[in-house]
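Let's take a friendly walk through how two protein chains meet. Have a look at the structure below, and then we can go through the details together.

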There are 2 protein chains.
Amino acid sequence: MTGGPVLIRDACPTDHALGHIGLYTQLTDAPPMPLEQYTAFLKAHSETGGCVLVAEVDGQLMGCATLLVEQKLIHGGRPVGHIEDVVVDQAARGQGVGKALIEALVQRGKKAKCYKVILDCSEHNTGFYDRCGLERKGVCMGVYL
Amino acid sequence: MTGGPVLIRDACPTDHALGHIGLYTQLTDAPPMPLEQYTAFLKAHSETGGCVLVAEVDGQLMGCATLLVEQKLIHGGRPVGHIEDVVVDQAARGQGVGKALIEALVQRGKKAKCYKVILDCSEHNTGFYDRCGLERKGVCMGVYL
């Protein structure tokens, strides 16, 4: 990683050209997405109260993470924040970028009046999230369709 | 439970008077919610492609469960289904109501083109979800705000 400060900010349409979608290939299957679809996603997502944050260093995207805000019928209608799709570029790992992204999303969850923020991760990533202030709450179960 | 068949259907505004919110008190903190807020939730939720299903037996609500459909930037924009807030009335447990709800939500996830359906649960509920066809995928971490 270059030596500049880490800027955490909301993703915007110009991040498409900066390779935002390409970052996700370090996490999972992430084929290129047309700019129009990317822009529509960011707009629709922010309208639900959530956000997509990116970590920028010297004009390059070094990480990203998403907060999904879920409205509820329980807890008097207070929402839950779901942290999703956290990636830090392999060239920038171990330098606090991931922790800065998670802490920023937890703050966004507070601002959105969420009563909790949760995420699912693999067993070997629990130590990282523990250092970000999250605790083990349960088991994630799933089925691929 | 009375002996009639189990009808799984989408929740609708009249379920407010049938005690839908009251069912959640068997799961967590769920204070009464005004009808207007309940109706607005159902409308907004269905507009995102998700659903709230209820299980009705002889005109009474015996269970409910929610599918949240999350759009993604990964996987070519295919969504993920999140199963949330599963409750079966204590008078109706062990009679297949929960399994019917989960299976219906997985089918709704398929219909919404989700590439997977996931949920978070406590360790002691993993056996139930395993019998519904879901597998252990990871750890849920969280922080209360």
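How far apart do the end C-alpha atoms of residues 6-145 of chain A lie? They are 38 Å apart, and the span is 27% helix and 34% strand.

## Ground rules

This is a predicted model, where local features need pLDDT of at least 70, side-chain atom pairs count only at pLDDT 80 or more, and totals for chains, interfaces and linings use all residues. Residues are numbered from 1 along each chain as its sequence is written, chains are lettered from A and ligands numbered from 1 in the order in which they are written, and side-chain values use heavy atoms, with hydrogens and water left out.

## The annotated span

The UniProt record (an unreviewed entry) places the feature "domain: N-acetyltransferase" at residues 6-145 of chain A. UniProt positions follow the numbering used here, feature names are shortened, and annotations may be inferred rather than shown by experiment.

## Where the chains meet

In chain B, 51 residues are in contact with 51 residues of chain A (heavy atoms within 4.5 Å). About 4800 Å² is buried between the two chains, with carbon and sulfur atoms giving 64% of that area. Leu73(B), Met141(B) and Leu145(B) supply 19% of what chain B buries against chain A, more than any other three residues. Buried area here is the accessible area (1.4 Å probe) that two parts lose on being put together, summed over both.

The rule finds four salt bridges across the interface, each a side-chain nitrogen of Lys or Arg within 4 Å of a carboxyl oxygen of Asp or Glu. Asp85(B) forms a salt bridge with Lys72(A), the closest N and O atoms being 3.0 Å apart.

## Strands across the interface

Helices (H or I, at least four residues) and strands (E, at least two) are DSSP runs, numbered from the N terminus. Two strands pair if DSSP finds at least two bridges between them. Strand E6 of chain A (residues 135-144) pairs with E6(B) in the antiparallel sense over seven bridges. Within this pairing, Met141(A) stands opposite Arg136(B), and Glu135(A) has Gly142(B) as its bridge partner.

Which strand of chain B is joined to E6(A) by six bridges? That is E5(B), and the two run antiparallel. Here Val139(A) has Cys121(B) as its bridge partner.
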